[in-house]
Amino acid sequence: MGSLSRERLAALAGCDAEQLDAVARLQIIEAGPDGYAASDVSRLRLVLALNAAGIALETLATGLRQQIVSLDFASQLMFEPVTMSDKSLADALVGASLDLGRVNALHSSAGLSPMSPKRALREDDEEFIRLITECTGLGASDEGMQRVLRVFGQSMRRCVDTMRDLFRAEVEEPMLAAGLSHREVLAAGAATRLSLQRIGIRMLFLLQRRMLEEAVFDNVVGRLQDALRGLGAEAEGDQALPAVAFADLTGFTALTRDIGDVRAAEKAASFEALAQRLANLAGGRIVKPLGDGVMMLFPDAEAALKASLSLIAESAAHQLPEVRVGVATGQVVPRDGDIFGHTVNLAARIASVAAPSQVLVCGGTHDAATDESSEMDFEALEPVSLKGVADPVSLFSVKAGL
C-alpha cells in the first residue's frame, strides 16, 4: 500500500478529516516524512473504536505518553485486515438490481448492523453486495438467502466467539498471571493472534468444504436413487427410520448454584464434547447444543440407543452429573441445519420424564431396535401422559444386554 496521504488514510479508516486532525494533534498517530504508513489504517481504526467505546482521545494520548498502553501491535490485529472501500453505498448498488432496504434485510439476517448511505462502505460489504447480486442472478430468492445468512451468521458468531475466548484464556490470561502488564500482553500476543487466526480461518474452510461435500453427495445419491427406482433399483427391505435423542445433565441448576457459573459451564462443555464424540462413533451427529443438553440425530434406533447408553456410562466415568435421555424414531423435517416434526417433539417430551441415568424410548424405537439387534434389554413401563401429546404414550426403559 506504501505511504498514505492524510486524505487517503482517512478514507481507508472510515473517518472524517476533523477526527484525523484531532488524533494527529494529540500525537496519537503521526505522519512520517513521506506521509502515513499502511499500518496506520489499522491503528486509526482501533483509535476510533476506543473513542466510540467512551475513551476520550485525551485519555488515550496520556496513556501513550506514560507508556501505560501502546498501539504498536495494531498492525497485527487481523490476519486479513479490512479497510474502507473507494465506492460509496450508492455506487455499489448501481446495476445490482437491489435497493438499500433489501440489502439491509439480508445484511441483518447474518446478524450484521445495517449499512448507512451516510457512512463509508467497508470492503467486505462491497463484496457482500456483489455476492448477493450474483445469487439473485442465479435464481436465489430473498427468503432463501435470508435463511442461509441467518444460519451462517449464528454459526460463525459462535465460531469466532470461541476463538476469542480461547485466545484470552490460553494466551493472554497466563501472561497476565505471570506478571506482564496489559501493554506487554497486547504486544507479546500479537504474532500468536495472527497465527491462530490464520489456522482458524483455514480450519473453518476445510471443515465447511468437507461437510459440504458430504451433503452434496448425500443429496445427489438420493436424487439418483429416486430416478433409478423405476428401473428396478429399489433398495432391498424397508429403509430404517432416523432416531432423535435428547440428552441433558440432571440437576444442572442446583449444580450451577453449588459450584458457580464458570465450573458449571465447563461441565456442560465437557458433556457436549463427549456427546459429539459418541454420536459420531455411532454414525450420528449433534444437531444443536442446548446449554446443559444436546439434541442428536441418528440413522436408526439401534445407533441412537448405543450412543445414549455409552453417553450415560462415560459421563459418569468423567464425573459429570447424571444424564437422562429420551429417544423417538420416525420421520423428521430438516430445515436450515435443524430438524422439526412430531418425532423431535416426542423425543423432547420423553426426555423430560426420564429419570437420571435412564434411557427412555417410545414404542416405535423399541420395535425398530428389537428388529435390528438383540443387544438391548427393554423394560415396559406404564403408559405416560406427555405434554402436547393427546393420548398416553407407551414407554420403555433401556439398558445394555448382558
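At what angle do helix H11 and helix H12 pack, and how far apart are their axes?

## Helices H11 and H12

In this predicted model, helix H11 (residues 252-259) and helix H12 (residues 261-281) pack at an angle of about 135°, and their axes are 7 Å apart. Axes are lines fitted to C-alpha atoms, for helices over the stretch in contact, and angles between N-to-C directions run from 0 to 180 degrees. Helices (H or I, at least four residues) and strands (E, at least two) are DSSP runs, numbered from the N terminus. H11 and H12 are therefore oblique to each other; angles under 35 degrees count as roughly parallel, over 145 as roughly antiparallel, 65 to 115 as roughly perpendicular and the rest as oblique.

On the H11 side the contact (heavy atoms within 4.5 Å) involves Phe252, Leu255, Thr256 and Ile259, which meet Asp261, Arg263, Ala264, Lys267 and Ala268 of H12. Sorted by class, the residues of the contact of H11 with H12 are five nonpolar, one polar and three charged. Here Ala, Val, Leu, Ile, Met, Phe, Trp, Tyr, Cys and Pro count as nonpolar, Asp, Glu, Lys and Arg as charged, and the others, Gly among them, as polar.

## Basis of the values

Residues are numbered from 1 along each chain as its sequence is written, and side-chain values use heavy atoms, with hydrogens and water left out. As the model is predicted, local features need pLDDT of at least 70 and side-chain atom pairs count only at pLDDT 80 or more, while totals for chains, interfaces and linings use all residues.

## Helices H6 and H7

Helix H6 (residues 100-109) packs with helix H7 (residues 123-137) at an angle of about 105°, the axes being 11 Å apart. H6 and H7 are therefore roughly perpendicular to each other. H6 contributes Arg102, Val103, Leu106 and His107 to the contact, and H7 contributes Asp125, Phe128, Ile129, Ile132 and Thr136. The contact of H6 with H7 has five nonpolar, two polar and two charged residues.

## The buried side of H1

Helix H1 (residues 6-13) has Leu9, Ala10, Leu12 and Ala13 as its buried residues. Buried means under 20% relative accessible area, exposed over 50%, and partly exposed in between (1.4 Å probe, protein chains only). These residues cover an arc of only 170° around the axis, so they lie on the same side of H1; the arc is that of the directions from the helix axis to the C-beta atoms. The buried residues of H1 pack against H2 and H3. Just after H1, Gly14 takes a positive phi of about 80°.

Most residues other than glycine have a negative phi. Gln27, although not a glycine, has a positive phi of about 60°. Gln27 lies in the loop between helix H2 (17-25) and helix H3 (40-52), and counts as exposed because its relative accessibility is 54%.

Ser357 is not a glycine either, and has a positive phi of about 60°. The loop between helix H14 (342-353) and strand E7 (359-362) holds Ser357, which counts as partly exposed at 37% relative accessibility.

## Cysteines and Ala240

With a disulfide taken as a pair of cysteine sulfur atoms within 2.5 Å, the count comes to zero disulfides. Cys135 counts as partly exposed at 32% relative accessibility, and Cys159 counts as partly exposed at 29%.

Ala240 is placed in the loop between helix H10 (190-228) and strand E1 (243-249). Ala240 counts as partly exposed at 38% relative accessibility. The C-alpha atoms of Ala240 and Val294 are separated by 23 Å, the two residues being 54 residues apart along the chain.
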